[in-house]
Amino acid sequence: MLKKTLALVGLALLLGAALPARAADAPPAKADPDLAQRVADLEAYVTNSARGADAPDAKVASKLADSAGPGHNAWMMTSAALVLFMTLPGLALFYGGLVRRKNVLSVLAQCLGLAGLVTILWWACGYSLVFADGGGSIFGSLKHAFLRGVDSKPNTNYAYWVSHNVFAMYQMMFAIITPALIVGAIAERMKYSAILIFMTLWMFLVYFPLAHMVWGITGLMNGVWNAAAPIKAIDFAGGTVVHMSSGWSALILCLILGKRLGFPKEPMPPHSMVLCMVGTGMLWVGWYGFNAGSAVAADGVAANAFMTTTIATAVASFAWAMAEYALKGKPSVLGFCSGAVAGLVVVTPATGFIDTSGAIVVGILAGLVPFFACFKLKGWLGYDDALDTFGVHAVGGTLGAFLTGILATTSVNPNLATNLKDIVGKTLWLHQLKAMALTIVLSAVMTTIIAFVVKALVGLRPSEEVELIGLDLAEHGEEGYHTA
């Protein structure tokens, strides 16, 4: 009993001796901000810059230290809704109108299913693997697994005035639409179960690492914010992360999957160009959240992105249709729609880095180069990219990533001068080439591996009978249209 008592007394003495030392080691309290500092914080909110207290060596506190800016938050919540609007219903109707009527619901079900699946993955660990600090150059960490610590205070690694949870939800919408884009290449001929398994593995092996490499604070290719990045590339809103990854993966997957029954001998025209046009309009409107929202603030960079997105898209839509007019004698509604989407794709990585003249250049090339890929290259090589995902997203995204390295200017986005002032306008395009090559290799290799794993597990294609009947009835027990 005596030994236990002495041990407890000794432990108490040790703890007591340790307390003064801990207090002495605690960082000194920061002084309350004076009126000038408080005004400076308000100016920082208006200009989307750091509070005085955000500096590592700051000696003054801030009354706004844990506050998000209401205007910036409002724009980012709106942008998140706009990007979701791109998938549901925009992409769903755009793709749905382009398939045959017996498969329209299958496309809608794929977009809806991916929205739910990716949300679960994003909550569990996806957001953390992409944006949490404490990791490496290819993945983040599990610091924010299950969205732990993702609250309404700003995460200043990515935004000074936007709530962490708003930023996480905004980025989740990008994660949702990216695998949904792949659906266009393999439409009408892949099992629903195979799609869900494939996309789950694809998110972990392609999207999450690529998104961290390009946008993560310690990312391998985050040239804007990571001074130590080996590849100093730039990608404003997803040329590599979204469009190249999905487009090149789509090509590999459609080659492994094989052609639709009857392709190319049987005509397979879109069953509803009206739905396609409606979906295109929704994509265009939603894309303002995609591009202008990628400024992660309602600031001048967002305003520039809004303008360049509009110009490039309108010019590309017109250029594609006029190319049809010149070669075929008729400008089609499908041509206008395809050109608009191509313009949106190509300008995406550049939109916050280029001026209006650059947007015109992007628009013209976006209307002509993907047009060539869809109407000539596809026929020459004979692959069955059902809804031209490769021609628009892979070719367009690759073109956009390269043009970004040529046309980016610090006069539009001063953030380019933070770590890239010596290469913007000079050798930036070489870093873009490296990022493009890494994106293509990662997407192609991982897609090949995943496709053969899924093929071994559940098979990729339904039976010929199911394909002939249509995926709507066979896989979902419903029909998009009922006749009397």
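1. Helix 14 supplies the largest share of the nonpolar patch, five residues. Helices here are DSSP runs (H or I, at least four residues), numbered from the N terminus. Helix 6 (192–215) and helix 14 (428–457) each give at least two residues. The patch covers about 610 Å² and includes Leu201, Val441 and Ile449. Patch residues have over 30% relative accessible area and no salt bridge, and nonpolar side chains are joined within 5 Å. A salt bridge puts a side-chain nitrogen of Lys or Arg within 4 Å of a carboxyl oxygen of Asp or Glu.

2. This is a predicted model: local features need pLDDT of at least 70, and side-chain atom pairs count only at pLDDT 80 or more. Residues are numbered from 1 along each chain, and side-chain values use heavy atoms.

3. Ile449 sits in helix 14. Its relative accessible area is 45%, so Ile449 is partly exposed (buried is under 20%, exposed over 50%, partly exposed in between, with a 1.4 Å probe and protein chains only).

4. The model has 26 aromatic pairs (ring centres within 6.5 Å; planes under 30 degrees apart are stacked, over 60 edge-to-face, the rest tilted). Take Trp122 and Phe208: their centres are 6.2 Å apart and their planes stand at 45°, so the pair is tilted. Trp122 lies in helix 4 (residues 104–131) and Phe208 in helix 6, so the pair ties together parts 86 residues apart in sequence. Both Trp122 and Phe208 are buried.

5. One aromatic cluster includes Trp122, Tyr127, Phe167 and Phe208.

Key
Patches are made of residues with over 30% relative accessible area and no salt bridge: like charges are joined within 9 Å, nonpolar side chains (Val, Leu, Ile, Met, Phe, Trp, Tyr) within 5 Å. Accessible areas come from the Shrake-Rupley method with a 1.4 Å probe; for residues, only the protein chains shown count as cover. Rings of Phe, Tyr and Trp (its six-membered ring) pair if their centres lie within 6.5 Å; planes under 30 degrees apart count as stacked, over 60 as edge-to-face and the rest as tilted.
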